[in-house]
Amino acid sequence: MTRFLAALLVVSTSAPGWAAEPAPILDDRAGATRLEPLLGGFDDPAAVVKKQEPEPEPEVPDREWSLITAHTRWVTVPGAILDLLFSDHTDFSNVSAGLGYEFGARDRYTWSFELGWTPIVPAAGNWRTDGDPPAGSTYVESGMHMISFDVSYLRQIPFTRDFRFFLGGGLGVGLLVGDLVFAEVLPTCEEPVSSCAHWRSATDEAADLPTRVLPVVNLTLGFELDIADSVMVRLEGGFRNLFFAGVTIGTRM
């Protein structure tokens, strides 16, 4: 009887309909372990591929050069500025010229050394300060000029290989030569003051200048164009004790 019961129990637990459900799969990431690499996997050169670093861009060398330059500029004091100081005045504009030496990297910077000549010669005529009567006007005739030397630094901003924008500034010293001659107008002077006559020589007097040595302040901007890699043409404007606009031509040394 005991053997029969044992056999019946074995048959019942092994039948498909009576089989126990399998244990669930546990999602235990905290207890997970990493798979070890195959032995010798990192020793095989073919199994390890080195990441290729990008090739550095080659440095472009500075295009350095030296130039001998010549310039001509139209210089002026605008009438609107003179109107702030004088009730009556003449026009003040002249043409200046000069020579220079420059060097630098044409795509980044330029050092400029200039020797210049600037006529300080307003048109001869009558000047009157605010508040003075017409008879208090003064006839002004100038034979004065400024010889100057200044050093400037120009920052270059290229658009193309041969065309660029620049801006810069500099300092220098100027020497005034010649005289500024004053003469009194006739006491019968009436409006318009520009038509008043003056004494021919009886009251002529050279201006007593406080100094003939002046600081030169230069602020400039403009465009440059290279021609055939040996000639530079510069269109410029700015302030150099007087407002100016002009052109500079340079040839490579």
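Ground rules first. Residues are numbered from 1 along each chain as its sequence is written, and side-chain values use heavy atoms, with hydrogens and water left out. Because the model is predicted, local features need pLDDT of at least 70 and side-chain atom pairs count only at pLDDT 80 or more, while totals for chains, interfaces and linings use all residues.

Start with the strands. Strands here are DSSP runs (E, at least two residues), numbered from the N terminus. Two of them pair if DSSP finds at least two bridges between them.

Strand 11, residues 213-227, runs antiparallel to strand 12, residues 231-240, and ten bridges join them. Ile227 has Val231 as its bridge partner. Three residues separate the two strands in a hairpin, and Ala228 in the turn has a positive phi of about 55°.

Next, strand 13, residues 242-252. Strand 12 pairs with strand 13 over ten bridges, again antiparallel. Val231 has Thr251 as its partner there. This hairpin leaves one residue between the strands, and Asn241 in the turn has a positive phi of about 65°.

Now the pocket. A pocket is an open set of points on a 1 Å grid over the protein atoms alone, where a 1.4 Å probe fits, with protein on both sides within 12 Å along at least five of seven lines; lining residues have an atom within 4 Å of a point. The volume is the space filled by probe spheres set on the points, which are joined across faces, edges and corners.

The largest pocket has a volume of about 650 Å³. It has 31 lining residues, and Phe92, Ile120, Pro122, Met144 and Leu180 are the closest to its centre. Strand 13 is one of the strands that each supply at least two lining residues.

Conventions
Helix = DSSP H or I, 4+ residues; strand = E, 2+ residues; numbered from the N terminus.
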